[in-house]
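Reader: Hey, I'm new to this one. Can you show it to me and walk me through it?

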Amino acid sequence: MKTKLFLLLFLTLLYANLFAKTSHQTVVELMKISGCTAIFQQLEEGVNAQIEQKKSSFKNEEEFNKFANAIKSGLNSKNAENYFLEYFELYTNEDSIRNVIRLYEQPFMQEMQKMELAANNPSSHGLFIFKNGRNHREFI
């Protein structure tokens, strides 16, 4: 009897995760609070910078435009966001995403997120230095 109950519980949990779905609204909230949208934008800026660096290697403007359009159509922030949304909507469950959102709401994570975005920003080449105070930091 215990074996049957255990098997039934196991199968229920297994199938619940196989058919897990998360609402679109919850995933959008996760993207907003985690800063993914800003990261995707930085991705697009990086791709555009790389494309511009290659401009001089093309013989004429028409070839370069074909190349640039092909790269930009596949590697852009909108596509990245859509893939992210689709994946999390299909393969995660609502409770897991809610737990991650609660984690990002913690002050420590908010501070770490600011530091990560600043570190990934190509225009800022500084360094964060923490001093004695809990909320005191300098950017040099």
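Predicted model: local features only at pLDDT ≥ 70, side-chain atom pairs only at ≥ 80, totals over all residues.

Reader: OK, so where does T26 lie, and what is it in contact with?

Author: T26 lies in helix α2. Leaving aside neighbours within four places in sequence, T26 is in contact (heavy atoms within 4.5 Å) with E94, I97, R98 and I101. With E94 there's also a polar contact of 2.3 Å between the side chains. That term covers a pair of N or O atoms within 3.5 Å; within protein, one must be able to donate a hydrogen and the other to accept it, and residues adjacent in sequence count only if both atoms are side-chain atoms.

Reader: Zooming out, how many helices and strands does the protein have?

Author: There are 7 helices and 2 strands. Those are DSSP runs numbered from the N terminus: helices are H or I with at least four residues, strands are E with at least two. The order from the N terminus is α-α-α-α-α-α-α-β-β.

Reader: And which residues make up the largest nonpolar core?

Author: That core has 7 residues: V27, M31, C36, F40, A80, F84 and L85. A nonpolar core here is a set of buried Ala, Val, Leu, Ile, Met, Phe, Trp, Tyr and Cys residues joined through side-chain atoms within 4.5 Å.

Reader: Switching topic: how many aromatic pairs are there?

Author: A search of the whole structure finds 5. Rings of Phe, Tyr and Trp (its six-membered ring) pair if their centres lie within 6.5 Å; planes under 30 degrees apart are stacked, over 60 edge-to-face, and the rest tilted. The F58 and F67 rings have centres 5.0 Å apart and planes at 35 degrees, so that pair is tilted.

Reader: Are F58 and F67 buried or partly exposed?

Author: F58 is partly exposed at 24% relative accessible area, and F67 is partly exposed at 28%.

Methods: Residues numbered from 1 in each chain as written. Heavy atoms only, no water. Buried < 20%, exposed > 50% of the residue type's maximum accessible area, 1.4 Å probe, protein only.
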